[in-house]
Amino acid sequence: MSRLSFEPRRFLRSLLDEAVAVARPDRCLPPALTDWPAPPQGQTIVIAVGKAAAGMARALTTQWSDRPLTGLALTRYGHALPCGGIKVVEAAHPVPDKAGVTAAHRILEIASRAEPDDLVLCLMSGGASALLTAPAPGLTLSDKQETTQALLAAGADIGEINTVRKHLSAIKGGRLAQAVTPARLITLAISDVVGDDPATIGSGPTVADPTTLADARTVIDKYGLSVPDSVPCALADPANESIKPGAPAFANTTYRIIARPLDSLKAAARVAARSGIAVTILGDDLIGEASALGRIHADVACRLQDEGNDLPTLLLSGGEATVTLTGSGKGGPNTEYLLAMAQGLNGRGDIWALAADTDGADGSEGNAGAVITPDTLTRARAAGLLPAPLLVNNDAWSFFDALGDLVVTGPTQTNVNDFRAILIA
């Protein structure tokens, strides 16, 4: 018999909601703005890019309502919000489109017009790498699209993907900072990457890049990718090397991360602790194949349950799982993780789990993630659903959709990567 005094599904959803809430721009941005109370002698120019761009721009206009602000916010389709004098543009993610290219060139133009007395405030969040697309000379949008699709399908991690992106770009890898020079540049970022590396967040348009053209070529070779002929040519051209540490472009720059994945996990842990739950954070940096991670976590949960505990136990984790596409189904890393975990639990009683992307979109579908319960497999069998072939076809979305177990949040205006919670009663 369960020892829980609450409904597990609602409880897990409340944890996700708190994890998202602490990373929302209206909560994490205002405290960071107190360090720069005085307006510059010149203009305050705002460049916001990412899934949280509109939310960050709106929080800024609310906090600095007494200042004239100008600039542009570039975000994913469906994520726009009114932001006063800051223009909002939407573009495609994760595969870039023409709207993203047009907006990236507009941002470069805005940056290059900044005067020495101006302040350029860059608001960066997850998704910026795909949205901010300005192909390097000799490359086309189609070249970038094909390369991005190949990297995603191969299961490359975000660090590898961004290493390639930075060396095929006219704006990433420190080039935006170079365009802003000599104006003052401040970047405030919401991290969605393992390790919170500024050079990886949004492919580091305002920071120095330690990766090289050779590193990018290694990624292409590692996965044996078939890419347009122009890509190897671009990756062999020294002119496409990113901006390195110590360059003059960074002499008048400041960078601060205002929300991290670990902050969100700790917030969820505090909620659980208040409910008398023993909490273990497995880490905010878990990566690898989503299905493999799901099976590992199923084993961990079963072992803990067999050991016995005085209190119900919660396992929290974050990071960014990946999926190597071999099938033609629908879904994303979080639903694939859960379907593999459900298989591993094999109907084990008193274990529930939720996994979701904190931006509100798991893969290309409209759900953030899903939930599994002790009777997930029983209900699946009754509905004629077989987990194994669905996993092979990368079709975890269809499994959870049929059971009514998808988690739908809509755009959250933030992104601190995957959120996973396993409750053991």
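Let's start with a charged pair: Arg-260 and Asp-196 meet through their side chains in a salt bridge, 3.8 Å from N to O. Arg-260 sits in the loop between β6 and α12, while Asp-196 is in the loop between β5 (184-190) and α10 (213-222), so the pair ties together parts that are 64 residues apart in sequence. Keep in mind that this is a predicted model.

How accessible are the two partners? Arg-260 is partly exposed, with a relative accessible area of 32%. Asp-196, at 16% relative accessibility, counts as buried, because the cut-off for buried is under 20%.

How many salt bridges does a search of the whole structure find? The count is 17. Another one of them joins the side chains of Arg-256 and Asp-35, at 2.5 Å from N to O. Here Arg-256 belongs to strand β6 (residues 253-259) and Asp-35 to the loop between α3 (30-33) and β1 (44-49), so this bridge ties together parts that are 221 residues apart in sequence. Both ends are partly exposed: Arg-256 has a relative accessible area of 32%, and Asp-35 has 43%.

Lys-244 and Glu-241 form a salt bridge as well, with 3.1 Å between the closest N and O atoms. Lys-244 is partly exposed at 25% relative accessible area, and Glu-241 is partly exposed too, at 23%.

| Arg-260 | Asp-196 | 3.8 Å |

Which residues are linked in a network of salt bridges? They are Arg-9, Asp-375, Arg-379 and Asp-405.

**How α1 meets α12**

Now for the helices. Two packed helices are described by the angle between their axes and the distance between those axes. For helix α1 (residues 8-21) and helix α12 (residues 261-274), the angle is about 140 degrees and the axes are 8 Å apart. The two helices are therefore oblique to each other; for an angle to count as roughly antiparallel, it would have to be over 145 degrees. The crossing of α1 past α12 is right-handed.

Which residues make the contact? From α1 come Phe-11, Leu-15, Glu-18 and Ala-19, and they meet Ser-264, Ala-267, Ala-268, Val-271 and Ala-272 of α12. Sorted by class, the contact of α1 with α12 has seven nonpolar residues, one polar and one charged.

**Two buried residues**

Back in the loop between β5 and α10, you'll find Thr-200. Is Thr-200 buried or exposed? Thr-200 is buried, with a relative accessible area of 14%. Setting aside neighbours within four places in sequence, Thr-200 is in contact with Ser-129, Ile-158, Gly-159, Asn-162 and Val-193.

Ala-103 is part of helix α5 (residues 98-112). This alanine is buried, and its relative accessible area is 4%. What does Ala-103 touch, not counting residues up to four places away in sequence? Its contacts are Leu-74 and Val-89. As for Ile-161, 58 residues separate Ala-103 from it in sequence, and the two are 21 Å apart in space, C-alpha to C-alpha.

Key:
Residues are numbered from 1 along each chain as its sequence is written. This is a predicted model: local features need pLDDT of at least 70, side-chain atom pairs count only at pLDDT 80 or more; totals for chains, interfaces and linings use all residues. Side-chain values use heavy atoms; hydrogens and water are left out. Axes are lines fitted to C-alpha atoms, for helices over the stretch in contact, and angles run from 0 to 180 degrees between N-to-C directions. Helices (H or I, at least four residues) and strands (E, at least two) are DSSP runs, numbered from the N terminus. Angles under 35 degrees count as roughly parallel, over 145 as roughly antiparallel, 65 to 115 as roughly perpendicular and the rest as oblique. A crossing is left-handed if the near helix is turned anticlockwise from the far one by less than a right angle, and right-handed if clockwise. Contact means heavy atoms within 4.5 Å. Ala, Val, Leu, Ile, Met, Phe, Trp, Tyr, Cys and Pro count as nonpolar, Asp, Glu, Lys and Arg as charged, and the others, Gly among them, as polar. A salt bridge is a side-chain nitrogen of Lys or Arg within 4 Å of a carboxyl oxygen of Asp or Glu. Buried means under 20% relative accessible area, exposed over 50%, partly exposed in between (1.4 Å probe, protein chains only).
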